[in-house]
Amino acid sequence: MMHKENSVAPSGTRPVAHVVGTVLAELGAGHCFGVVGSGNFEMTAALRRAGVPFTAARHEGGAAMMADGFARMSGRVAVLSTHQGCGLTNALTGIAEAAKSRTPLIVLTADTASAAVRSNFNVDQDALARSVSAVPERVHSPASAVADVVRAYRTTLTERRTVVLSVPTDIQQAKVDFDPALLPTVSTAQPVRPSRQAVAELAQLITKAKKPVFVAGRGARHAADQLRELAEASGALLATSAVAHGLFHNDPFNLGISGGFSSPFTAATVADADLIVGWGCALNMWTMRHGSLIGPEATVVQVDTDLDALGANRPIDLGVLGDCAESATDVTKALSGVGGDTWRTPEMAQRIKSHARWASEAIEDLSTETHIDPRVFSREVDKLLPVERVVSVDSGNFMGYPSAYLDVPDEFGFCFTQAFQSIGLGLGTAIGAAIAQPERLPVLATGDGGFLMAISELETAVRLGLPLVVLVYNDSAYGAEIHHFDQASNKDLETVTFPDTDIAAIARGYGAHGATVRTVADLSGITDWLNGARDTPLVVDARITSDGGAWWLAEAFKGH
């Protein structure tokens, strides 16, 4: 639906820069993040005047991830505002992450005037957008400005795409007649209903199955209730991809994350299924462990609104083109004859409770007097933090620990930005997620490499007074590379190892609280902060031991 709460602009002749910002606000933009330069100054000011909150970042890359995290965790369109040329290129990695994740995001960027062919800022911005899977749009003229912005916003909202909207500086200053009352309505897309034949075929497969498993992905984050109902009616167990973690929280038949982060029990149970249905889930190498979680006799189904997604990663027996919630509802109505023995039994529920989470698995504690086992660290931190939390995870060797050990209350409690597999995106993500979910405790899990790469945004978190808990899994290295290259083969690892860095001291220099954790006893620093005012971030420098390479890493590297 169209949001009109920001309608404050009167009609009249206005500069295009004013019109662009006002139209985005009128259409429902939720929050703007950016670094303001001369090229985007007036457009950003117009957004703010029209009621869209703005957060100033210290780097466009951080701003991009703030916008991405906000959009994912709020369900609203976010805006990233950048200067032309270098402002856009600074943000490009974050834009790639958002685009590959189908995040509804408007990148509002200035562009050089058409005649400024020798401008230092002149780059092919449309080509840059296309190169990272974003949709290039632009304001072509003063007369078309409103239509151009509406078109870009409609694409973002209805197709869940990241759109780079370029506005040349000469066009920004031109005047145009503008009446916000005449803006067209931009509505969310109507959900795609599956065909009757597809519904009947899926219902038949479910009816015949003895051990069905439903794996919900990003495209099913809105369909938890419908999938729970169908699973209960059909005897299916539930699981998610990593990005949908939390969707079935507290369901007794929730296996948790399917794929590289699975516990041994969950992996074995998914592999034993005779029917796997991916709901808005790509069934890619991560979620299916390169196909090893699909049994030789298992039937595989995908349900998705994107025709190109069906069967894109592996052969499937049935592809259902349809919205996950609508499809689940229709299949539930079409079920017949389901009965008898299923594996939704009290015994299975108990086994899931006891073994589906890594926190329940016995491990050999590798902690020393100076370094803590990252599994123990994650398990104990999970016990300390309040249930109402939003966990953001950076990329790196450490990422399996928080993903598997830190519980989340629902699908809006876990922000997993891994589509582009770049380290250093987590801090911006966590800030955006914190703004989107202000009633929850924001938590960032990151490695030392990724944290130091993005550390400029720690000042942003301090300036905003965010009660952010930053868990730095510090192994003084780019850990994934350490474990990727076999040390026994005399590889030169000096390029990916570093001297010890006192991250807690650096954090205090930014105005945050800092705590160093080497043993379980040192976790008292987290408890003290939680019992305090929580008016500035806490950075936890966890000096972790090596477990010889994270348990999920061997699977991940098969795809490299």
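What share of the 560 residues in the chain is buried? Buried residues make up 57% of them, where buried means under 20% relative accessible area, exposed means over 50%, and partly exposed is in between (1.4 Å probe, protein chains only). Keep in mind that this is a predicted model, in which local features need pLDDT of at least 70, side-chain atom pairs count only at pLDDT 80 or more, and totals for chains, interfaces and linings use all residues. Residues are numbered from 1 along each chain as its sequence is written, and side-chain values use heavy atoms, with hydrogens and water left out.

**The whole chain**

- The chain's secondary structure comes to 22 helices and 20 strands; helices (H or I, at least four residues) and strands (E, at least two) are DSSP runs, numbered from the N terminus.
- With a radius of gyration of 24 Å, close to the 24 Å that the globule rule gives for 560 residues, the chain is as compact as a globular protein of that length. That radius is taken over C-alpha atoms, and the globule rule is 2.2 Å times the number of residues to the power 0.38.
- Along its principal axes, the C-alpha trace spans about 70 × 60 × 45 Å.
- Of the contacts between residues at least 6 apart in sequence, 75% join residues at least 24 apart; a contact means heavy atoms within 4.5 Å.

- β5 (residues 105-111) runs parallel to β7, and seven bridges join them; two strands pair if DSSP finds at least two bridges between them. Val107 has Val164 in β7 as its bridge partner.
- β6 (residues 135-138) is also parallel to β7, with four bridges joining the two. Here Glu137 stands opposite Leu165.
- β6, helix α7 (residues 145-159) and β7 make a right-handed β-α-β unit. Right-handed means that, with the strands pointing away from the viewer, the path from the first strand over the helix to the second runs clockwise.

**Residues to find around these strands**

- Asp111 sits in strand β5 and is buried, with a relative accessible area of 5%.
- Ala134 is in the loop between α6 (125-131) and β6, and at 6% relative accessibility it counts as buried.
- Not counting residues up to four places away in sequence, Ala134 touches Ile95, Ala99, Ala129, Thr162 and Val164.

**Elsewhere in the chain**

- Helix α2 (residues 41-49) has Met43, Thr44, Ala45, Ala46 and Leu47 as its buried residues. After α2 comes Gly51, whose phi is positive, near 105 degrees.
- Ser392 lies in strand β15 (residues 389-393) and is buried, with a relative accessible area of 1%.
- Ser392 and Leu425 are 33 residues apart in sequence and 9.7 Å apart in space, C-alpha to C-alpha.
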